[in-house]
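Please keep the sequence and the three-dimensional view at hand while going through the points.

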Protein chains: 2
Amino acid sequence: MDRRTEILEAAAKSFSLFGYKATTMDQVAKIANVGKGTIYTFFANKEELFNAIVVGMIEEMRTEAEAAAIEGATFEENAHARLMSILKFRTTHQLYAKLIDEGKEIRTPAVQEVLVDIEKQIVKFIAEKIQKGINRGEVKPCNVEMVAYLLFKSYMALVVDWGKTHHQELDQTEIIDLLSSTIFKSLLI
Amino acid sequence: MDRRTEILEAAAKSFSLFGYKATTMDQVAKIANVGKGTIYTFFANKEELFNAIVVGMIEEMRTEAEAAAIEGATFEENAHARLMSILKFRTTHQLYAKLIDEGKEIRTPAVQEVLVDIEKQIVKFIAEKIQKGINRGEVKPCNVEMVAYLLFKSYMALVVDWGKTHHQELDQTEIIDLLSSTIFKSLLI
DNA sequence: CAAATGACTATAATTGAATTACAGTCATTT
DNA sequence: AAATGACTGTAATTCAATTATAGTCATTTG
């Protein structure tokens, strides 16, 4: 394995385990078995190394979301499957979970910026799928960006936020029923 | 004016101006022209005084939201008017705005708890209106609590959150159109 | 004598000086 | 030419000393 990859793997491991702030460049160098200076021949600074790791994670998330879709299923079924896959990734993936925690608790600016960017990418991903649906004639023309945003926020609200204040999570079926009869209903042709 | 009211007015003024943490009981006593001990004959501690102020504010917000509704207008029109009134209150009302800021920036626990409670009251208020709509036969029977929650979160997302990341706020008309064709459409009979 | 008061106390928050940790560099080594 | 790690300036952390403040209660007041 080349040095760049060794460094990336070491950084991913450390960021996942300790978060952004608590990861030191010395530690990454040690895990990667390279001198600290070597890291700086590949990445301008800590934040760029971090961004590279996050880009990789977003790709992973995208791949998983794509894999959640089923050939031949309806737009709604696949939209739901992909969104649930993303929300699962959000809490399951060690690095993502760590970053959410660090962003909230320690409020590391670099982490908060990255979290905003990840959400933007997710909404962009959803928007792409809606646009494809429109092109295929499965979805009505609409303000794609806005609908993607509303869809993501609605899933976040019902799947993630509800549990925080209600101490009894919503039933999957109830969520599907509600979103199916509201957003999806008006979205589909 | 009786001492209790003097204290409440002084506290409201101070909390609005400086927030919860930066308001001292000595200051409230001074503004109210009473001895500090007097405050404790009416309120067990700082937090109870604060809660009393917040209860008053919630009543104010409720009154304004009720006033935003128009006799004879449709359920949707009034729901929209009331929700927009609440969101306006959220940023316009000096105390509410201050608390949102303090909850985010200083993360005073008492303030964060109160903010959660206020949101719960708002959702409860919306739920009551939906229930009334059902009783009147204007709204389809549904999981009232869940729909109220989704409605509030959707308004928050499109009216408040969107602007934070997009630096170009959404048009009022676009928001109404989208929510009208999705949540409201499936909600109304 | 019942209500009001503010000096008082115990605890929490803040400050600032001293210490430590760390990102990034660069002269040296491989 | 690429890799390295000792080195440096700056930022973060500690911790002791100081200050601020919530809440009390013995005294005062009307």
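The numbered points below go from the overall arrangement to individual residues.

1. The coordinates come from a predicted model. The remarks that follow should be read with that in mind.

2. **Make-up of chain A.** Chain A contains nine helices and zero strands. Its pattern along the sequence is accordingly written α-α-α-α-α-α-α-α-α. The C-alpha trace of chain A extends over about 60 × 40 × 25 Å along its principal axes. Of the 189 residues in chain A, 45% are buried.

3. **Relation between the two chains.**

4. **A salt bridge between chains.** Over all chains, the count of salt bridges is 12. One of them pairs A:Lys153 with B:Asp161, with 3.2 Å between the closest N and O atoms. A:Lys153 is in helix α8 (residues 144–166) of chain A, whereas B:Asp161 is in helix α8 of chain B, so this pair joins two chains. Are the partners buried or exposed, or in between? A:Lys153 is partly exposed, at 22% relative accessibility, while B:Asp161 is buried, with a relative accessible area of 17%. The limit that matters here is 20%, because a residue counts as buried under that value. The pair also belongs to a network of salt bridges that links A:Lys153, B:Asp161 and B:Lys164.

5. **A salt bridge within chain B.** B:Glu128 and B:Arg62 form another salt bridge, their closest N and O atoms lying 2.6 Å apart. B:Glu128 is part of helix α7 (residues 109–136) of chain B and B:Arg62 is part of helix α4 (residues 46–68) of chain B, so the pair ties together parts that are 66 residues apart in sequence. B:Glu128 is partly exposed, with a relative accessible area of 33%. B:Arg62 is also partly exposed, at 34% relative accessibility.

6. **A salt bridge within chain A.** The side chains of A:Arg136 and A:Glu138 meet in a salt bridge, at 3.4 Å from N to O. A:Arg136 counts as exposed, at 60% relative accessibility.

7. **A positive surface patch.** Which residues form the positive surface patch? The patch consists of A:Lys140, A:Lys185, B:Lys140 and B:Lys185. Of these, B:Lys185 belongs to helix α9 (residues 172–187) of chain B. B:Lys185 has a relative accessible area of 54% and is exposed.

8. **Two loop residues with positive phi.** A:Asn33 has a phi near 60°, a positive value in a residue other than glycine. Where is A:Asn33 found? A:Asn33 sits in the loop between α2 (25–32) and α3 (36–42) of chain A, and is exposed, with a relative accessible area of 70%. In chain B, B:His167 likewise has a positive phi, near 50°, and is a residue other than glycine. B:His167 is in the loop between α8 (144–166) and α9 of chain B. At 74% relative accessibility, B:His167 counts as exposed.

9. **A buried position and a separation in space.** A:Ala127 lies in helix α7 (residues 109–136) of chain A. A:Ala127 is buried, with a relative accessible area of 9%. How many residues apart in sequence are A:Ala127 and A:His167? They are 40 residues apart in sequence, and their C-alpha atoms are 32 Å apart in space.

Definitions and conventions:
Residues are numbered from 1 along each chain as its sequence is written. Chains are lettered from A and ligands numbered from 1 in the order in which they are written. This is a predicted model: local features need pLDDT of at least 70, side-chain atom pairs count only at pLDDT 80 or more; totals for chains, interfaces and linings use all residues. Side-chain values use heavy atoms; hydrogens and water are left out. Patches are made of residues with over 30% relative accessible area and no salt bridge: like charges are joined within 9 Å, nonpolar side chains (Val, Leu, Ile, Met, Phe, Trp, Tyr) within 5 Å. Accessible areas come from the Shrake-Rupley method with a 1.4 Å probe; for residues, only the protein chains shown count as cover. A salt bridge is a side-chain nitrogen of Lys or Arg within 4 Å of a carboxyl oxygen of Asp or Glu. Lys and Arg count as positive and Asp and Glu as negative; His and the chain ends are not counted. The place of a charge is taken as NZ of Lys, CZ of Arg, CG of Asp or CD of Glu. Helices (H or I, at least four residues) and strands (E, at least two) are DSSP runs, numbered from the N terminus. Buried means under 20% relative accessible area, exposed over 50%, partly exposed in between (1.4 Å probe, protein chains only).
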